[in-house]
Amino acid sequence: MPFDRPLSSRVNGWIESLSRGGYAALTGLLTGIAVVVAGQEIGGDRLLIDAVLMALAMTAVYYALDPRNWSA
């Protein structure tokens with residue numbers, strides 16, 4: 001039954017199953033959303049440009065470095 005685990009475990013399993021590009025794209029999307037929300041609260045200008053640039057930068061960094069494969 002798919003609902004026997006908590007929601008956090010299901011989401012974590014789904015995120016871990018993403019490919020390198022999918023994980024990087026998800027990270028970039030969530031970063032862009034966070035920048036827009038924070039910018040709305042702070043009241044910054046150039047909000048959309050900042051959000052898109054930050055999302056692209058985070059996507060590129062996460063794709064290039066792939067932090068999920070780092071060993072501690």
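Biologist: Is Tyr-23 buried or exposed?

Modeller: Tyr-23 counts as buried, because its relative accessibility is 17%. Buried means under 20% relative accessible area, exposed over 50%, and partly exposed in between, using a 1.4 Å probe and protein chains only. This is a predicted model: local features need pLDDT of at least 70, side-chain atom pairs count only at pLDDT 80 or more, and totals for chains, interfaces and linings use all residues. Residues are numbered from 1 along each chain as its sequence is written, and side-chain values use heavy atoms, leaving out hydrogens and water.

Biologist: OK. How many aromatic pairs does the structure hold?

Modeller: One. The ring centres of Tyr-23 and Tyr-62 are 6.0 Å apart and the planes are at 45 degrees, so the pair is tilted. Rings of Phe, Tyr and Trp (its six-membered ring) pair if their centres lie within 6.5 Å; planes under 30 degrees apart count as stacked, over 60 as edge-to-face, the rest as tilted.

Biologist: Which helices do Tyr-23 and Tyr-62 lie in?

Modeller: Tyr-23 is in helix 2 (residues 20-42) and Tyr-62 in helix 3, so the pair ties together parts 39 residues apart in sequence. Helices are DSSP runs (H or I, at least four residues), numbered from the N terminus.

Biologist: And which charged end sits over the ring of Tyr-23?

Modeller: That of Arg-68, 4.3 Å from the ring centre. The rule: NZ of Lys or CZ of Arg within 6 Å of the ring centre and within 35 degrees of the ring normal. Arg-20 likewise has its charged end over the ring of Tyr-63, 4.9 Å from the centre.

Biologist: New topic. Is Leu-48 buried or exposed?

Modeller: Exposed, because its relative accessibility is 63%. Leu-48 lies in helix 3 (residues 47-65).

Notes:
Helix = DSSP H or I, 4+ residues; strand = E, 2+ residues; numbered from the N terminus.
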